[in-house]
Amino acid sequence: MRRIPDHVWNEVKDILPQEKPPETVGRPAVSYRTVLDGILYVLRTGCQWKSLPKEYGSGSTCHRRFQEWVRSAVFQKLWVRLLEIYDDVRGIKWRWQSLDSASVKAPLGGNKTGANPTDRGKLGTKRHILTDQKGVPLSVVITAANTHDMKAAVETLDRIVVKRPRPRKYRRQNLCLDKGYDFPEIELEVVKRRYVSHIRHRGEKRRKKGRHNKRRRWVVERTNSWHNRFRKLLIRYEKKSENYLGLVQLACCIIVYRRLILG
């Protein structure tokens, strides 16, 4: 995807602040759609803002607008809107959910970065993702790379951006977690939120895959790989964690749109 699709633009243009009219005196303003295409180009290619091609306007203009929209929560609002459309058309699969994290390098440091214990103590950051049964992202939390998964699990569950339906006796909601969440306090918090927990315990033998076994932890790992295909997310160069979170939220918008089209 090289440009913002018309369907996505029709949703985001009502969220953005009003543009300057064309007759405004002074330097001509770059249109919002051109700026959004430029932000998508940076997210997709991982290039520096100052290296943005001239067809998207000035790199500093795109970066300034991007930060303004991050402060206004534009990308989160768009994510919510696309999830609502996805729920109407395809339906969010709440029955089976998965939660996991992915660590990336952060060579420039910044807030919410720390020594990555899996990368020889180099600076890094961690994305915590909650997905539905199809891998559609429902919640994102950013922490330092040295933050244990269990410490961000509850916050990730509480940060679902759309309203979660209330579990019923015959509509239970299952949550799949790996061994990194094998702690009594995590299982207690999961049960408090009326989930049926499926936590892989330490020392537990691998079970045979069956046709009726719907527990899937690889779904969220696949979503993490989808995020890493956006090269601006693969290595964090943003010193402000809110800017990196804004890029992740825009990537979530693109993933939801693709799942909406492709099913």
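The second largest pocket of this predicted model has a volume of about 420 Å³. A pocket here is an open set of points on a 1 Å grid over the protein atoms alone, with protein on both sides within 12 Å along at least five of seven lines, and lining residues have an atom within 4 Å of a point. Volume is the space filled by probe spheres set on the points, which are joined across faces, edges and corners. The lining comprises 18 residues, of which R27, P28, A29, V30 and R65 are the closest to the centre. Helix 3 (residues 59-71) supplies the largest share, four residues. By class, the lining has seven nonpolar, five polar and six charged residues (nonpolar: Ala, Val, Leu, Ile, Met, Phe, Trp, Tyr, Cys and Pro; charged: Asp, Glu, Lys and Arg; polar: the others, Gly among them).

Local features need pLDDT of at least 70 and side-chain atom pairs 80 or more, while totals for chains, interfaces and linings use all residues. Residues are numbered from 1 along each chain as its sequence is written, and side-chain values use heavy atoms, without hydrogens and water.

Two cavities of 30 Å³ or more are found in the whole structure, a cavity being a set of grid points where a 1.4 Å probe fits but cannot get out. Helix 5 gives the most, three residues.

There are 11 salt bridges, each a side-chain nitrogen of Lys or Arg within 4 Å of a carboxyl oxygen of Asp or Glu.

| Pair | Closest N to O |
|---|---|
| R3 and D37 | 3.7 Å |
| E238 and K232 | 3.7 Å |

R3, in the segment before helix 1 (6-12), and D37, in helix 2 (residues 32-45), are 34 residues apart. R3 is partly exposed at 41% relative accessibility, whereas D37 is buried at 7% (buried is under 20% relative accessible area, exposed over 50%, partly exposed in between; 1.4 Å probe, protein chains only). K192 and E189 both lie in helix 6, three residues apart. These two residues also belong to a salt-bridge network with D158 and R193. Both E238 and K232 are buried.

Helix 9 (residues 241-262) has 22 residues and should span 32 Å at 1.5 Å a residue, which agrees with the 31 Å between its end C-alpha atoms. Since 17 of its 22 residues are buried, helix 9 is largely enclosed by the rest of the structure. Helices are DSSP runs (H or I, at least four residues), numbered from the N terminus, and the expected span is 1.5 Å times one less than the number of residues. Just after helix 9, G263 has a positive phi of about 85°.

Methods:
Helices (H or I, at least four residues) and strands (E, at least two) are DSSP runs, numbered from the N terminus.
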